[in-house]
Amino acid sequence: MSRYSPAMTASWALPLSLLLVTAAAQEPTPVILWHGMGDSCCLPTSMGMIKRTVEENIPGVYVRSLMIGPNIIDDTLNGFFMPIDAQVEEACQKIAADDSLQGGYNAMGFSQGGQFLRAVAQRCPSPPMKNLITFGGQHQGVFGLPNCLGTEGVCEIVRELLDYGAYESFVQSHLAQAQYWHDPLKQQQYVEVSQFLADINNERDVKNETYKENLNKLENLVLVMFSNDTMVVPRESSHFGFYALGQDKVVVPLQQTPIYTEDYLGLQQLDTDGKLAMLATEGDHLEFSIDWLVENIINVYLK
Ligand SMILES: *[C@@H]1O[C@H](CO)[C@@H](O)[C@H](O)[C@H]1NC(C)=O
Ligand SMILES: *[C@@H]1O[C@H](CO)[C@@H](O)[C@H](O)[C@H]1NC(C)=O
């Protein structure tokens, strides 16, 4: 009787697997956080507070705030000086290796963490990201960095590099913010040399269908813009809006940009399917109350 018998196996395996499925269905969907520039995974006053708020509002939820690098200091510095592709790759590996995330997860990205998590959705579809919420993200990049959130020494280096030229190859390779620098007066150069944003926005001449497919696997893409944001230039970048090309005064909404009209990223598709939400809230960059977060994000998209 050493022969494998599917019938016999099924007789006891079926109820067990049903039990597991039922148990798993009751677990709340885990949440991944990715911090912004000058911040780190674990400050009690920033990502720590968000983590706590999600945990208090969704009993039993698993929340992981991503750390890029081996410790908090490296995590902070990597937000400035580690190539974004490498950061995204590290995030993908950490998510894929985390047993608690294998059934899928929701993601919340703060400031640049927003477009970085979008890259995770587009490049690393397994395990699946369900809802992606970005807060003050720079989805169309920035043309200006009026405030640098970081120590004076770090910010000095950032300013010097940007002054030297965001599209110089040395700067592209060494400054994360240069990799989402978007000069509407130099669109062609941006499309060619931007190491991160032009790729993830599918703006190169050869489009990547996989990005479009993967982005459309999201249940919802929720873009939060801060109506009085003085950090993100233009602030509409948080909603995928940007300057009409060739000038830097008039900003047009997503629906009037080629990214949408030609739909090479799949945003028009998401919109048509009712899966693209654009929220605006008063306040400067990342200024929101816990009540606002609970009412508009946690209760609506994470429960
Ligand atoms: C498209 O993106 C996927 C996911 O990152 C990647 O594996 C693939 O190589 C890309 N294809 C092209 C043509 O760049
Ligand atoms: C913030 O922006 C909103 C919408 O543009 C505007 O109505 C409001 O007056 C602004 N608040 C401040 C304090 O600037």
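Trp-181 is buried, with a relative accessible area of 14%; buried means under 20% relative accessible area, exposed over 50%, and partly exposed in between, with a 1.4 Å probe and protein chains only. The model is a predicted one, in which local features need pLDDT of at least 70, side-chain atom pairs count only at pLDDT 80 or more, and totals for chains, interfaces and linings use all residues. Residues are numbered from 1 along each chain as its sequence is written, chains are lettered from A and ligands numbered from 1 in the order in which they are written, and side-chain values use heavy atoms, with hydrogens and water left out.

Aromatic pairs come next. The structure holds 10 aromatic pairs, where rings of Phe, Tyr and Trp (its six-membered ring) pair if their centres lie within 6.5 Å, and planes under 30 degrees apart count as stacked, over 60 as edge-to-face and the rest as tilted. One of the pairs consists of Phe-116 and Phe-196, which is edge-to-face with 5.8 Å from centre to centre and 80° between the planes. Phe-116 belongs to helix α5 and Phe-196 to the loop between α8 and α9, so this pair ties together parts that are 80 residues apart in sequence; helices (H or I, at least four residues) and strands (E, at least two) are DSSP runs, numbered from the N terminus. Phe-116 and Phe-196 are both buried. Trp-181 has a ring partner in Phe-143: the ring centres are 5.9 Å apart and the planes are at 70°, so the pair is edge-to-face. Elsewhere, ring pairs link Phe-110, Phe-135, Phe-226, Phe-288 and Trp-292 into a cluster.

The loop between α8 (187-193) and α9 (197-200) also holds Ser-194. Ser-194 is buried, with a relative accessible area of 0%. The side chain of Ser-194 takes part in polar contacts (pairs of N or O atoms within 3.5 Å; within protein, one must be able to donate a hydrogen and the other to accept it, and residues adjacent in sequence count only if both atoms are side-chain atoms). A polar atom of this side chain lies 3.3 Å from the backbone oxygen of Gln-179, and the side chain reaches the backbone nitrogen of Ala-198 at 3.2 Å. Leaving aside neighbours within four places in sequence, Ser-194 is in contact with Gln-172, Gln-179, Gln-189, Asp-199 and Arg-204, contact being heavy atoms within 4.5 Å.

Turning to the cysteines, a search of the whole structure finds three disulfides, each a pair of cysteine sulfur atoms within 2.5 Å. Cys-41 and Cys-42 form one of them, with sulfur atoms 2.2 Å apart. The torsion about their S-S bond is about -105°, so this disulfide is left-handed. Cys-41 counts as buried at 2% relative accessibility, whereas Cys-42 is partly exposed, with a relative accessible area of 39%. Another disulfide joins Cys-92 to Cys-124, at 2.0 Å from S to S, and with 95° about the S-S bond this link is right-handed. Cys-92 sits in helix α4 (residues 84-96) and Cys-124 in the loop between α5 (112-123) and β4 (129-135), so the pair ties together parts that are 32 residues apart in sequence. Both Cys-92 and Cys-124 are buried. Cys-148 and Cys-155 are also joined by a disulfide, at 2.1 Å from S to S; this link is left-handed, with -80° about the S-S bond, and both of its cysteines are buried. With the bonded cysteines of the chain numbered in sequence order, the pairing reads 1-2, 3-4, 5-6.

Met-67 is found in the loop between β2 (63-65) and α3 (72-81) and is partly exposed, with a relative accessible area of 24%. The C-alpha atoms of Met-67 and Asp-39, 28 residues apart along the chain, are separated by 10 Å.

Finally, there is the ligand. The residues around ligand 1 are Arg-123, Asn-208 and Tyr-211, each having a heavy atom within 4 Å of the ligand. Taken alone, ligand 1 exposes 360 Å², and the protein buries 39% of that; accessible areas come from the Shrake-Rupley method with a 1.4 Å probe, and for residues only the protein chains shown count as cover. A polar side-chain atom of Asn-208 lies 2.3 Å from an oxygen atom of ligand 1.
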